[in-house]
Amino acid sequence: MSTFLQQLVNGVTWGSVYALIALGYTMVYGILRLINFAHGDIYMLGAFMGLYASRWFHAAENPSPVKALLVLLTSMLLSALIGMLIERLAYKPVRKSPRLSALITAIGVSLLLENGGVLVFGADPKFFPQLIPQKTIALLPGVTVSNQQLIVLVVSIVLMFALRMFVLHTRTGKAMQAVSHNHMAASLMGISVDRIITITFMIGSALAAAAGVLVALQSPKIEPYMGIMPGLKAFVAAVLGGIGNIPGAVVGGLVMGIAEVMVTGYLSPTYRDAIAFVLLIVILLVRPAGIFGKAVTEKV
Amino acid sequence: MKLRQWLAPVAALALVVVALAGCGGKGGSGGGANEIVVGVYGSMTGNDATFGQSTKGGVEVALADLVEQAGGKIGGLPVRLVVEDDQGKAEEAATAAQKLINQDQVVALLGEVASSRSLAAAPICQAAGVPMISPSSTNPKVTQVGDRIFRMCFLDDFQGQTMARFAAQNLGLKRVAILKDVKSDYSVGLAQYFTDSFTGLGGKIVVEQAYTAGDQDFSAQLTAIKSKSPDAIFIPGYYTEVGLIARTARQQGITVPLLGGDGWESEKLIEIGQDAINGAYYSNHWALDMPDTNLQAFLTKYHSKYNSDPDAIGGLAYDAARVLFASMQKMATEEPAVFAGLGSAKAGTPERKAALDRLRDLIAATQNYAGVTGSITLDANRNASKPAVVIEIKGGKKVYNTTIHP
């Protein structure tokens, strides 16, 4: 029993990372109907920005929670700016083109970031400094959680709630909802659609960067290709929860994380990557709109 | 619009010209000078980049020796290295071997470290008749590919036995868990040999779990291992994952010793694992604090060139290059006519083929070569039989613990 609970703890912490990445996918999809394949690479960039920020703040020499927070925020800010640049330079020019062009552009941006990353950061793995010394906390007899796992969980939950409050209760958030319903109508109501899209990309990128730093905190190996698999899986998580739906992304991420850990722990780790795509196929067959998604009839 | 229509054919033409220019170089001798080209391939980048970088470093020190002793020439021909990066991928290792053989017309290949990648390149070398010396691939299958494939290190059956004996006899352990990389020939093989020996010595493997190189999260496997409360965990993987596994293990409150093989040999192991890796043991080809004169001389040389300590991978690469150079030097003095076939001017000719056959025989005849990783004698299966060293990680340092003889 304690083993099962421990696996559940493992699954929830790992799943909260997927949830953070999935949020960015779902937001961009909700507003632009674009699957931003470069999103996983923003997660990678976030981890690298965190690495440079922690060097800049000398956070590794005498670690403190304040410095760790500074590193996290700097990484989120820089990644938000990169997200904005990508949107302006790559996606905006093709916004009026068929949706397929935008999708292919996204794949192109993803490849550019990965291989650009190899060029700039080098292809060998880098080691993320220990920003917060590891401690083990016993929850129940036989069930432990590390302080780093707790931090991942807490920061994820805080960010998800902050996002929810932002979308539901601020003017910009409401404008986002409006744009996600209809670009034309929203712009007729005086909403600057371009500005909202840029903000969406910035928030999505900042969340992905946070996920990157959080993962690097407990699993300190970062390399330019690290975003590919988590990116794909977070995309599956977003579809699972109902793409375009924010609470859905969170639930989808958690389901993915728990499913992966359980499959690894009780079946075989070789099925770890397979389970994500099995879930994708099952959800597409059974409930194509996702767990929380509403089936929308295509407007003609 | 006009400009674009005009641009496409021009661009296409430019591509063709570049491609043709590329072809022109093929088969030729590059600069035109007659020289001996030796190929080195390895993971200069990627998940286990220190393996390739150390290999390159070791070979370069061997070449520096040759420059010092003989002006960098063998039999009057200058020796040139061509280094190819396989990014730590088996398919790229095969491509690198193809390129080195067909395009650079190398007379021999030095590499790889990881057995899966050596196994990808070996059949290509065997088919082309070009000798390949793997400095540090320990999986038995590597040299079984054919009579052109050699290695400078011990094999995994012995390495598995070493750690099993060490665990059972030196540490007195009874119940061990295994965590292996399912996609690595090295890891799967070593896990099997360890299991065979350890159960033979009366021990028990309580649980076997697996991961895949590149994984970031190992918590599920370690929780499953923890529930069986083993005395130790044997992790026959490469250093990057091992470091992360060690951290997760400590995070889950697993305090038993971790055991491993020579795939742990990298400075990065301690950088990633930090405190979590202390108290672990692994089998290796050497320990830097061994009082061997050859070894200590090499350390000084390496240090003056790179300002860092070499790892065993670098030492084995140095030995591999030196054995190759020694065989070529022997050929140059004893059979200069055959030796001429190794020159780049003879690429693709029957003389080259005869010279490669002779080079193979000379490497195979290596006996009692005083290497920095111990005395090297190649047996009938082209393997070097050497003792293994067990290293303990103590306070972030690699410390010699014991030597285990075959």
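Reader: Which residue in β3(B) does Lys73(B) stand opposite?

Author: Lys73(B) faces Pro78(B) there. Strands are DSSP E runs of at least two residues and helices are H or I runs of at least four, numbered from the N terminus. This is a predicted model: local features need pLDDT of at least 70, side-chain atom pairs count only at pLDDT 80 or more, and totals for chains, interfaces and linings use all residues. Residues are numbered from 1 along each chain as its sequence is written, with chains lettered from A and ligands numbered from 1 in the order in which they are written.

Reader: How many bridges join β2(B) to β3(B)?

Author: Two, and the strands run antiparallel; β3(B) covers residues 77-85. Two strands pair if DSSP finds at least two bridges between them.

Reader: And what is the strand order in the sheet?

Author: In chain B, six strands form an open sheet, β2-β3-β1-β4-β5-β6, with mixed pairing. β2 (73-74) and β6 (149-151) of chain B are the edge strands, each pairing on one side only.

Reader: Which helix packs on the sheet?

Author: Helix α12 (312-334) of chain B, which touches β1, β2, β4 and β5 of chain B. Its direction makes about 160° with that of β4(B). Axes are lines fitted to C-alpha atoms, for helices over the stretch in contact, and angles run from 0 to 180 degrees between N-to-C directions.

Reader: Different topic. How is chain B divided into domains?

Author: Domain 1 is 36-154 + 292-386 and domain 2 is 156-284; the bounds come from an automatic or database domain assignment. In chain B, 16 residues of domain 1 are in contact (C-beta atoms, placed from the backbone, within 7 Å) with 19 residues of domain 2.

Reader: Which elements give two or more residues to the domain 1 side of that contact in chain B?

Author: α4 (115-128) and α12 of chain B. The largest share comes from α4(B), with three residues.

Reader: Now chain A. How many residues of chain B are in contact with it?

Author: 26 residues of chain B, against 24 residues of chain A. α8(B) gives the most to the chain B side, five residues.

Reader: Is α8(B) buried or exposed?

Author: Eight of its eight residues are buried, so α8(B) is largely enclosed by the rest of the structure. Buried means 20 or more other C-beta atoms within 10 Å of the residue's own, exposed 12 or fewer, and partly exposed in between, with C-beta atoms placed from the backbone.

Reader: What covers the buried residues of α8(B)?

Author: The cover includes α1 (2-32) and α10 (246-267) of chain A, together with β7, β8, β9 and α9 of chain B.

Note on methods. Contact = placed C-beta atoms within 7 Å.
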